[in-house]
Amino acid sequence: MNSPLLVTGGTGTIGSRVVPILREAGRDVRILSRHPGVNEPGVQHVGGDTVTGRGLADALDGVDVVLHLAGGAKGDDIAARNLAAAAAAAGVRHLLLISVIGADRMPIGYFRRKAEAERTFAESGVPWTVLRAAQLHGFVLPVVRGMAKLPLLPVPGGLRFEPVHVDEVAARLAELALGAPAGRVADIAGPEVLSIRELADTYVEAIGRRCRRGLPIRIPDGVGRAYRAGDNLAGEHEQRGERTWREFVNDGATLSRRPEGHVSEPRT
Ligand SMILES: NC(=O)c1ccc[n+]([C@@H]2O[C@H](COP(=O)([O-])OP(=O)(O)OC[C@H]3O[C@@H](n4cnc5c(N)ncnc54)[C@H](OP(=O)(O)O)[C@@H]3O)[C@@H](O)[C@H]2O)c1
(Lines give C-alpha, C1' and ligand atoms only; values in the text may rest on other atoms or scores of the structure.)
Protein backbone atom coordinates (compact mmCIF):
# COMPACT_ATOMS: atom_id res chain seq x y z
CA MET A 1 0.00 0.00 0.00
CA ASN A 2 1.53 3.30 -1.09
CA SER A 3 0.34 6.72 0.03
CA PRO A 4 -3.08 7.13 -1.61
CA LEU A 5 -3.67 9.78 -4.22
CA LEU A 6 -6.98 11.50 -3.46
CA VAL A 7 -9.28 12.07 -6.44
CA THR A 8 -12.29 14.21 -5.56
CA GLY A 9 -15.09 13.45 -8.00
CA GLY A 10 -13.36 10.22 -9.02
CA THR A 11 -16.73 8.63 -9.78
CA GLY A 12 -17.63 11.30 -12.38
CA THR A 13 -17.26 11.38 -16.15
CA ILE A 14 -13.61 12.46 -16.13
CA GLY A 15 -12.68 10.94 -12.77
CA SER A 16 -13.79 7.44 -13.73
CA ARG A 17 -11.38 7.60 -16.71
CA VAL A 18 -8.47 8.98 -14.66
CA VAL A 19 -8.61 6.48 -11.81
CA PRO A 20 -7.76 3.37 -13.91
CA ILE A 21 -4.75 5.20 -15.41
CA LEU A 22 -3.47 6.03 -11.93
CA ARG A 23 -4.00 2.41 -10.89
CA GLU A 24 -2.08 1.18 -13.94
CA ALA A 25 0.74 3.49 -12.89
CA GLY A 26 0.80 1.68 -9.55
CA ARG A 27 -0.84 4.34 -7.38
CA ASP A 28 -3.39 3.53 -4.72
CA VAL A 29 -6.35 5.84 -5.12
CA ARG A 30 -8.85 7.24 -2.66
CA ILE A 31 -12.01 8.67 -4.17
CA LEU A 32 -14.13 11.29 -2.44
CA SER A 33 -17.69 11.87 -3.58
CA ARG A 34 -21.06 12.46 -1.95
CA HIS A 35 -22.30 9.03 -3.08
CA PRO A 36 -19.33 6.72 -2.61
CA GLY A 37 -18.90 3.64 -4.77
CA VAL A 38 -17.74 0.17 -3.77
CA ASN A 39 -14.10 -0.39 -2.80
CA GLU A 40 -11.91 -2.58 -4.97
CA PRO A 41 -8.24 -3.49 -4.69
CA GLY A 42 -6.23 -0.26 -4.64
CA VAL A 43 -9.33 1.95 -4.84
CA GLN A 44 -10.97 3.17 -1.65
CA HIS A 45 -14.19 5.18 -1.71
CA VAL A 46 -14.99 7.70 0.99
CA GLY A 47 -18.08 9.83 1.46
CA GLY A 48 -17.71 13.58 1.73
CA ASP A 49 -18.76 16.90 0.35
CA THR A 50 -16.26 19.49 -0.84
CA VAL A 51 -18.85 22.29 -0.59
CA THR A 52 -19.87 21.68 3.02
CA GLY A 53 -16.43 20.38 4.01
CA ARG A 54 -17.87 17.10 5.31
CA GLY A 55 -15.32 14.29 5.42
CA LEU A 56 -12.39 16.28 3.99
CA ALA A 57 -9.99 15.89 6.92
CA ASP A 58 -10.48 12.11 7.02
CA ALA A 59 -10.21 11.80 3.24
CA LEU A 60 -6.88 13.68 3.29
CA ASP A 61 -5.31 11.52 5.99
CA GLY A 62 -1.96 10.22 4.67
CA VAL A 63 -2.48 11.76 1.21
CA ASP A 64 0.36 13.49 -0.67
CA VAL A 65 -1.37 14.40 -3.95
CA VAL A 66 -4.95 15.65 -4.51
CA LEU A 67 -6.59 15.70 -7.93
CA HIS A 68 -9.64 17.91 -7.53
CA LEU A 69 -12.29 17.00 -10.09
CA ALA A 70 -15.45 17.26 -7.98
CA GLY A 71 -17.46 20.08 -9.38
CA GLY A 72 -20.81 21.20 -10.52
CA ALA A 73 -22.93 24.10 -11.63
CA LYS A 74 -22.53 25.83 -8.27
CA GLY A 75 -20.11 25.95 -5.35
CA ASP A 76 -16.77 25.30 -7.08
CA ASP A 77 -15.27 28.41 -5.43
CA ILE A 78 -16.37 27.32 -1.95
CA ALA A 79 -15.26 23.73 -2.56
CA ALA A 80 -11.79 24.91 -3.59
CA ARG A 81 -11.46 27.03 -0.43
CA ASN A 82 -12.50 24.11 1.80
CA LEU A 83 -10.22 21.66 0.06
CA ALA A 84 -7.19 23.97 -0.10
CA ALA A 85 -7.43 24.76 3.62
CA ALA A 86 -7.84 21.10 4.56
CA ALA A 87 -4.99 20.07 2.22
CA ALA A 88 -2.64 22.66 3.70
CA ALA A 89 -3.51 21.47 7.22
CA ALA A 90 -2.93 17.84 6.19
CA GLY A 91 0.52 18.56 4.70
CA VAL A 92 -0.43 17.69 1.10
CA ARG A 93 2.47 18.20 -1.35
CA HIS A 94 0.57 18.71 -4.63
CA LEU A 95 -2.91 20.12 -5.32
CA LEU A 96 -4.15 19.71 -8.88
CA LEU A 97 -7.29 21.42 -10.21
CA ILE A 98 -9.23 20.95 -13.41
CA SER A 99 -10.59 24.26 -14.59
CA VAL A 100 -12.23 25.45 -17.77
CA ILE A 101 -10.82 27.37 -20.73
CA GLY A 102 -11.90 31.00 -20.52
CA ALA A 103 -12.30 30.85 -16.73
CA ASP A 104 -10.99 34.40 -16.33
CA ARG A 105 -12.75 35.83 -19.41
CA MET A 106 -16.28 34.44 -19.69
CA PRO A 107 -18.93 36.52 -17.84
CA ILE A 108 -20.77 33.44 -16.61
CA GLY A 109 -20.99 32.34 -12.98
CA TYR A 110 -19.61 28.83 -13.61
CA PHE A 111 -16.47 30.27 -15.25
CA ARG A 112 -16.04 32.96 -12.57
CA ARG A 113 -16.20 30.34 -9.83
CA LYS A 114 -13.56 28.28 -11.62
CA ALA A 115 -11.32 31.36 -11.83
CA GLU A 116 -11.82 31.89 -8.10
CA ALA A 117 -10.95 28.23 -7.45
CA GLU A 118 -7.75 28.68 -9.47
CA ARG A 119 -6.77 31.71 -7.36
CA THR A 120 -7.51 29.81 -4.17
CA PHE A 121 -5.22 26.94 -5.16
CA ALA A 122 -2.46 29.31 -6.25
CA GLU A 123 -2.60 31.13 -2.91
CA SER A 124 -3.03 28.03 -0.75
CA GLY A 125 0.63 27.62 0.16
CA VAL A 126 0.46 24.07 -1.23
CA PRO A 127 2.38 23.48 -4.48
CA TRP A 128 -0.20 23.36 -7.25
CA THR A 129 -1.09 22.64 -10.86
CA VAL A 130 -4.07 23.96 -12.84
CA LEU A 131 -5.23 22.46 -16.13
CA ARG A 132 -7.94 24.30 -18.04
CA ALA A 133 -9.92 22.02 -20.35
CA ALA A 134 -12.35 22.69 -23.18
CA GLN A 135 -15.85 21.21 -23.09
CA LEU A 136 -15.89 17.46 -23.50
CA HIS A 137 -17.53 15.90 -26.57
CA GLY A 138 -20.07 14.45 -24.16
CA PHE A 139 -20.90 17.92 -22.85
CA VAL A 140 -21.54 19.36 -26.32
CA LEU A 141 -23.62 16.36 -27.38
CA PRO A 142 -26.79 17.16 -25.37
CA VAL A 143 -26.63 20.76 -26.62
CA VAL A 144 -26.70 19.77 -30.29
CA ARG A 145 -29.11 16.91 -29.62
CA GLY A 146 -31.57 19.40 -28.11
CA MET A 147 -31.09 21.76 -31.05
CA ALA A 148 -31.63 18.96 -33.56
CA LYS A 149 -35.04 18.12 -32.09
CA LEU A 150 -36.45 21.54 -33.00
CA PRO A 151 -38.22 22.11 -36.33
CA LEU A 152 -35.69 24.79 -37.35
CA LEU A 153 -32.09 24.46 -36.21
CA PRO A 154 -31.37 27.44 -33.93
CA VAL A 155 -27.95 28.82 -34.81
CA PRO A 156 -26.52 31.26 -32.27
CA GLY A 157 -24.16 33.35 -34.39
CA GLY A 158 -20.50 33.22 -33.43
CA LEU A 159 -20.91 30.36 -30.94
CA ARG A 160 -17.96 28.01 -31.30
CA PHE A 161 -16.58 25.10 -29.32
CA GLU A 162 -13.41 23.03 -29.52
CA PRO A 163 -14.65 19.82 -27.89
CA VAL A 164 -12.13 17.36 -26.57
CA HIS A 165 -12.34 13.64 -25.89
CA VAL A 166 -12.67 12.64 -22.23
CA ASP A 167 -9.86 10.08 -22.52
CA GLU A 168 -7.40 12.71 -23.72
CA VAL A 169 -8.24 14.97 -20.77
CA ALA A 170 -8.02 12.02 -18.38
CA ALA A 171 -4.61 10.96 -19.70
CA ARG A 172 -3.24 14.49 -19.29
CA LEU A 173 -4.63 14.81 -15.75
CA ALA A 174 -3.07 11.50 -14.75
CA GLU A 175 0.26 12.59 -16.21
CA LEU A 176 0.11 15.83 -14.23
CA ALA A 177 -0.97 14.09 -11.02
CA LEU A 178 1.97 11.70 -11.29
CA GLY A 179 4.40 14.57 -11.95
CA ALA A 180 5.66 17.52 -9.95
CA PRO A 181 3.54 20.64 -9.29
CA ALA A 182 3.70 22.76 -12.45
CA GLY A 183 1.48 25.82 -11.85
CA ARG A 184 -0.76 26.78 -14.76
CA VAL A 185 -0.07 24.39 -17.64
CA ALA A 186 -1.12 24.61 -21.30
CA ASP A 187 -4.88 24.42 -21.81
CA ILE A 188 -6.20 21.21 -23.34
CA ALA A 189 -8.74 21.42 -26.18
CA GLY A 190 -9.94 19.29 -29.05
CA PRO A 191 -8.28 19.32 -32.47
CA GLU A 192 -10.74 21.69 -34.16
CA VAL A 193 -12.66 24.87 -33.44
CA LEU A 194 -16.17 24.29 -34.82
CA SER A 195 -19.19 26.52 -35.06
CA ILE A 196 -22.34 25.29 -33.41
CA ARG A 197 -23.81 24.85 -36.91
CA GLU A 198 -20.92 22.56 -37.92
CA LEU A 199 -21.24 20.57 -34.70
CA ALA A 200 -24.99 20.16 -35.19
CA ASP A 201 -24.75 19.25 -38.88
CA THR A 202 -22.16 16.54 -38.18
CA TYR A 203 -24.35 15.10 -35.44
CA VAL A 204 -27.52 15.20 -37.53
CA GLU A 205 -25.69 13.43 -40.37
CA ALA A 206 -24.40 10.76 -37.96
CA ILE A 207 -27.87 9.90 -36.74
CA GLY A 208 -29.05 9.55 -40.31
CA ARG A 209 -31.22 12.63 -40.58
CA ARG A 210 -31.11 15.45 -43.07
CA CYS A 211 -29.64 18.78 -42.04
CA ARG A 212 -32.38 21.31 -41.47
CA ARG A 213 -32.66 24.99 -42.25
CA GLY A 214 -31.02 27.13 -39.62
CA LEU A 215 -32.70 29.87 -37.64
CA PRO A 216 -30.07 32.52 -36.85
CA ILE A 217 -30.29 33.75 -33.26
CA ARG A 218 -28.22 36.24 -31.35
CA ILE A 219 -26.95 35.59 -27.83
CA PRO A 220 -27.46 38.93 -26.10
CA ASP A 221 -25.29 41.14 -23.92
CA GLY A 222 -21.87 40.41 -22.51
CA VAL A 223 -22.21 36.65 -22.76
CA GLY A 224 -22.96 36.90 -26.49
CA ARG A 225 -20.06 39.31 -27.02
CA ALA A 226 -17.70 36.97 -25.14
CA TYR A 227 -18.69 33.95 -27.20
CA ARG A 228 -18.48 35.90 -30.46
CA ALA A 229 -15.00 37.08 -29.42
CA GLY A 230 -13.96 33.47 -28.76
CA ASP A 231 -13.29 34.10 -25.07
CA ASN A 232 -14.30 30.48 -24.38
CA LEU A 233 -11.57 29.18 -26.71
CA ALA A 234 -7.99 28.19 -25.98
CA GLY A 235 -5.21 30.65 -26.63
CA GLU A 236 -1.91 30.15 -28.34
CA HIS A 237 -0.42 27.93 -25.63
CA GLU A 238 -3.00 25.20 -25.95
CA GLN A 239 -2.44 21.48 -26.25
CA ARG A 240 -4.71 19.88 -28.84
CA GLY A 241 -6.18 16.39 -28.61
CA GLU A 242 -6.45 14.25 -31.73
CA ARG A 243 -9.94 12.80 -31.55
CA THR A 244 -12.39 14.79 -33.63
CA TRP A 245 -16.05 15.52 -33.12
CA ARG A 246 -16.87 13.59 -36.30
CA GLU A 247 -15.02 10.53 -34.98
CA PHE A 248 -16.86 10.86 -31.69
CA VAL A 249 -20.34 10.94 -33.18
CA ASN A 250 -19.49 8.21 -35.68
CA ASP A 251 -17.59 6.06 -33.20
CA GLY A 252 -18.60 2.45 -33.65
CA ALA A 253 -17.84 1.76 -29.99
CA THR A 254 -20.25 4.39 -28.73
CA LEU A 255 -22.86 4.40 -31.47
CA SER A 256 -25.05 1.33 -31.74
CA ARG A 257 -27.17 0.71 -34.80
CA ARG A 258 -30.69 -0.40 -34.08
CA PRO A 259 -32.20 -3.02 -36.47
CA GLU A 260 -34.19 -0.44 -38.39
CA GLY A 261 -30.95 1.39 -39.18
CA HIS A 262 -31.38 4.26 -36.73
CA VAL A 263 -28.34 5.23 -34.80
CA SER A 264 -28.50 5.91 -31.08
CA GLU A 265 -26.29 8.47 -29.46
CA PRO A 266 -22.87 8.11 -27.88
CA ARG A 267 -22.85 7.70 -24.12
CA THR A 268 -19.80 9.82 -23.40
N1 LIG B 1 -17.45 18.00 -18.60
C2 LIG B 1 -16.83 19.02 -19.20
O3 LIG B 1 -17.05 19.34 -20.39
C4 LIG B 1 -15.78 19.82 -18.41
C5 LIG B 1 -14.94 20.71 -19.08
C6 LIG B 1 -14.00 21.42 -18.34
C7 LIG B 1 -13.92 21.26 -16.97
N8 LIG B 1 -14.77 20.39 -16.35
C9 LIG B 1 -14.67 20.23 -14.90
O10 LIG B 1 -14.18 18.92 -14.63
C11 LIG B 1 -14.70 18.45 -13.40
C12 LIG B 1 -15.29 17.05 -13.61
O13 LIG B 1 -16.26 17.14 -14.62
P14 LIG B 1 -17.16 15.86 -14.98
O15 LIG B 1 -17.75 16.15 -16.31
O16 LIG B 1 -16.39 14.61 -14.74
O17 LIG B 1 -18.30 16.01 -13.87
P18 LIG B 1 -19.38 14.92 -13.41
O19 LIG B 1 -19.46 13.81 -14.38
O20 LIG B 1 -20.61 15.69 -13.11
O21 LIG B 1 -18.80 14.33 -12.06
C22 LIG B 1 -18.72 15.14 -10.92
C23 LIG B 1 -18.06 14.32 -9.81
O24 LIG B 1 -17.89 15.15 -8.67
C25 LIG B 1 -18.60 14.57 -7.55
N26 LIG B 1 -19.12 15.71 -6.81
C27 LIG B 1 -19.94 16.70 -7.26
N28 LIG B 1 -20.17 17.60 -6.29
C29 LIG B 1 -19.50 17.15 -5.20
C30 LIG B 1 -19.35 17.65 -3.88
N31 LIG B 1 -19.96 18.78 -3.47
N32 LIG B 1 -18.58 16.95 -3.01
C33 LIG B 1 -17.95 15.81 -3.40
N34 LIG B 1 -18.06 15.29 -4.63
C35 LIG B 1 -18.83 15.96 -5.52
C36 LIG B 1 -19.68 13.68 -8.18
O37 LIG B 1 -20.08 12.62 -7.33
P38 LIG B 1 -21.35 12.79 -6.34
O39 LIG B 1 -22.45 13.38 -7.15
O40 LIG B 1 -21.62 11.40 -5.83
O41 LIG B 1 -20.87 13.70 -5.26
C42 LIG B 1 -18.87 13.12 -9.36
O43 LIG B 1 -17.97 12.13 -8.90
C44 LIG B 1 -15.69 19.50 -12.93
O45 LIG B 1 -15.05 20.33 -12.00
C46 LIG B 1 -16.03 20.28 -14.18
O47 LIG B 1 -16.42 21.60 -13.89
C48 LIG B 1 -15.68 19.66 -17.03
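In this predicted model, Pro191 makes contact, beyond its neighbours within four places in sequence, with Arg240, Gly241, Glu242 and Thr244. Pro191 belongs to the loop that joins strand 10 (188–189) to strand 11 (194–195). Because 17 C-beta neighbours lie inside 10 Å, Pro191 is classed as partly exposed. Asp58 is 133 residues away from Pro191 along the chain, and the C-alpha atoms of the two are separated by 40 Å.

Helix 5 may be considered next. This helix comprises the 12 residues 137–148; at 1.5 Å a residue it should span 16 Å, and the 16 Å between its end C-alpha atoms agrees with that expectation. Five of its residues, His137, Val140, Leu141, Val144 and Met147, are buried. These residues cover an arc of only 130 degrees around the axis, which means that they lie on the same side of helix 5. An α-helix has 3.6 residues a turn, so residues three or four places apart point the same way. On the face turned away from the buried side of helix 5 are the exposed residues Pro142 and Gly146. The cover over the buried residues of helix 5 includes strand 7 (153–156) and strand 8 (160–161), together with helix 7 (196–206) and helix 9 (245–250).

Note on methods:
Residues numbered from 1 in each chain as written. Predicted model: local features only at pLDDT ≥ 70, side-chain atom pairs only at ≥ 80, totals over all residues. Helix = DSSP H or I, 4+ residues; strand = E, 2+ residues; numbered from the N terminus. Expected span 1.5 Å × (residues − 1). Buried ≥ 20, exposed ≤ 12 C-beta atoms within 10 Å, placed from the backbone. Arc of directions from axis to C-beta. Contact = placed C-beta atoms within 7 Å.
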